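Please read it alongside the sequence and coordinates shown here.

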Amino acid sequence: MEQLNKRVRDDLAKIQYATGNWCIPHKHDGEDVLDVAIIGGGQGGLATCFGLKRRGITNTCIFDTAPKGGEGPWITFARMLTLRTPKYVTGPDLGIPSLTPQSWYEARYGAAAWHTLDKISRQDWQTYLDWVRDVLELPVKNEHELIDIDWQNNLLKLTFSCAGGVKKQVWARKIVLATGIEGGGAWHVPDFITKALPKTRYAHTCEQIDFEKLRGKRIGVLGAGASAFDNAATALEHGAKQVDLCLRRKKIPSVNPYRWMENAGFLSYFSELDDLVRWRFMRRIYDLNQPPPQDTFWRCRSHKNFAFHTGTPWLSVKEEGKEVVVTTPHGEMRFDFLIIGTGFVIDLAQRPEMAKLAPHIALWRDCFAPPEDEQSTLLGSHPYLGERFQFLPRNASDPLAPMLAAIHNFTFSATPSMGLSGSSISAMRFGVEKLTFGIGRDLFVQDGEKHLQTLLDYNVDELVSLEPPQCV
């Protein structure tokens with residue numbers, strides 16, 4: 001690993017041309033102003049910070065809610081054994097060979113281990129991300145939860161809640177929201193469950209679950225996605241008596257559109273398409289959804305006490321004595337505990353830091369009217385972004401328009417507009433390139449006159465002698 005660390009530093013030194021900080025320092029009431037504040041210390045935030053650094057934008061900082069070492073889902077609520085993406089997919093390395101997952105894995109375990117590896121374990125992926133953060137010396141402040149964004153004197157005023165309830169304020173010219181898959185809304189449990197059952201009877205797949213307490217219990221799982229199957233498998237492996245997974249669809253999805261999306265054409269240029277074509281792409285991708293990986297499915301099916309039920313939506317639930325009774329179109333099912341894998345909703349108003357701005361932000365339903373037979377409430381709920389991942393105002397004359405232009409949405413909710421986001425490993429390299437180019441462009445243009453003045457003031461002689469050198 002020490003040899004790899006040296007190789008990374010050597011590689012970056014060889015391509016460091018024009019990566020020195022060129023941004024002009026800003027202050028507000030004597031306080032330093034960040035050029036870019038990045039919210040989220042997971043893979044999207046780290047890659048964004050590195051991408052900005054490669055463009056010579058170094059006055060940045062990453063802020064993450066979790067304590068150091070606790071960033072991202074991989075060691076918290078993710079319950080898959082391995083990543084779902086192929087091992088050769090690259091991301092935070094941004095095209096630097098020595099920073100790729102393969103280079104890290106071979107340095108840690110050997111080339112033979114990489115050759116025989118199927119997919120990278122989630123624990124190894126988190127360790128790899130930690131290494132990327134450390135070897136690149138990326139600035140991260142942990143235990144900083146963003147709770148408010150304000151706009152004063154053409155600057156973003158960010159308020160954080162820190163350890164011990166301490167409030168801190170940070171000034172920034174730009175902000176990148178790299179808050180992951182739920183960054184555009186909130187994890188979702190249907191109302192008919194939350195209103196009918198005490199919280200002790202169910203948990204969402206994104207929550208911490210004490211699976212040991214489910215040993216010997218009958219578990220009902222709702223959902224067709226990979227996380228539903230991951231949680232079902234984890235419950236089975238911890239000794240659950242019976243696990244029944246129910247899904248609304250008539251059949252389990254089998255085609256994964258995200259594998260199709262992994263081509264440079266789509267990942268680079270999707271955002272350049274007109275609205276109708278983008279809408280049709282996304283309707284197809286969202287309709288297909290992602291199936292559980294084959295190994296995840298067999299992880300469940302290897303247990304005789306597992307069953308899945310297609311075409312079986314849950315219509316209602318109730319607590320009856322020591323049981324939870326679930327009503328389906330095919331009759332009642334009785335469980336001891338429920339695991340809910342119904343994903344998340346796209347609703348910026350549910351994000352504390354975005355709640356007051358949400359009414360001002362343009363959504364797809366505000367900007368585009370699809371053909372009558374191509375409607376999608378889900379797609380319509382996503383923010384309609386500008387070409388640099390920035391929010392746009394619902395009303396062009398909104399006085400908050402300049403503020404929204406300074407907020408760049410690199411969460412999953414960017415997908416219909418950009419075709420990619422910071423929460424996707426396979427799209428990261430292309431998204432970071434587009435995002436950081438746009439941020440750098442804005443910063444330079446805003447200070448164009450100041451940069452011109454630095455040229456006018458530039459007076460460093462290169463030609464220092466008009467006489468031939470003297471021979472000794």
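## Salt bridges between strands

Arg 334 is partly exposed at 31% relative accessibility, where partly exposed denotes the range between buried (under 20% relative accessible area) and exposed (over 50%), computed with a 1.4 Å probe on protein chains only. The side chain of Arg 334 meets that of Glu 320 in a salt bridge, with 3.0 Å from N to O; the term requires a side-chain nitrogen of Lys or Arg within 4 Å of a carboxyl oxygen of Asp or Glu. The two partners are 14 residues apart and link distant parts of the chain, with Glu 320 in strand β13 (residues 316-320) and Arg 334 in strand β15 (residues 331-335). Glu 320, at 35% relative accessibility, is also classed as partly exposed. Strands (E, at least two residues) and helices (H or I, at least four) are DSSP runs numbered from the N terminus.

Both residues belong to a network of salt bridges that links Arg 218, Lys 318, Glu 320, Glu 323, Glu 332, Arg 334 and Asp 336. The structure holds 29 salt bridges.

The model is predicted: local features need pLDDT of at least 70, side-chain atom pairs count only at pLDDT 80 or more, and totals for chains, interfaces and linings use all residues. Residues are numbered from 1 along each chain as its sequence is written, and side-chain values use heavy atoms, leaving out hydrogens and water.

## Other salt bridges

Helix α1 (residues 2-14) contains both Asp 10 and Lys 6, four residues apart, or about one turn of the helix. These two residues form a salt bridge in which the closest N and O atoms are 2.8 Å apart. Asp 10 has a relative accessible area of 31% and is partly exposed; Lys 6, at 48%, is partly exposed as well.

A further salt bridge joins the side chains of Glu 212 and Arg 215, at 3.0 Å from N to O. Glu 212 is partly exposed at 43% relative accessibility, and Arg 215 is partly exposed at 47%.

## Cysteines

How many disulfides does a search of the whole structure find? The search finds zero, a disulfide being a pair of cysteine sulfur atoms within 2.5 Å. For Cys 23, which is in no disulfide, the nearest cysteine sulfur is that of Cys 49, 13 Å away. Cys 49 is likewise in no disulfide, and its nearest cysteine sulfur, that of Cys 61, lies 7.8 Å away.

Cys 23 counts as buried, with 8% relative accessibility. Cys 49 is buried too, with a relative accessible area of 2%.

## The parallel sheet

Five strands make up an open sheet with parallel pairing, in the order β9-β16-β10-β11-β12; two strands pair if DSSP finds at least two bridges between them. At the edges stand β9 (202-204) and β12 (306-309), each pairing on one side only. On average, neighbouring strands of this sheet are turned by 20° against each other, direction ignored. Axes are lines fitted to C-alpha atoms, for helices over the stretch in contact, and angles run from 0 to 180 degrees between N-to-C directions.

Strand β11 (residues 242-246) runs parallel to β12 and is joined to it by four bridges. Cys 246 stands opposite His 309 in β12. Helix α7 (residues 226-237) packs on the sheet, where it touches β10 (218-222), β11, β12 and β16 (337-340), and its direction makes about 170° with that of β11. Contact means heavy atoms within 4.5 Å.

## Segment after α17

Asp 461 lies in the segment that follows α17 (448-457). Its relative accessibility is 60%, so Asp 461 counts as exposed.

## Overall fold

The secondary structure comes to 17 helices and 18 strands. The radius of gyration is 25 Å, close to the 23 Å that the globule rule gives for 472 residues, so the protein is as compact as a globular protein of that length. The radius is taken over C-alpha atoms, and the rule is 2.2 Å times the number of residues to the power 0.38.

Along the principal axes, the C-alpha atoms fill a box of roughly 95 × 60 × 50 Å. Of the 472 residues, 52% count as buried. Among contacts between residues at least 6 apart in sequence, 71% join residues at least 24 apart.
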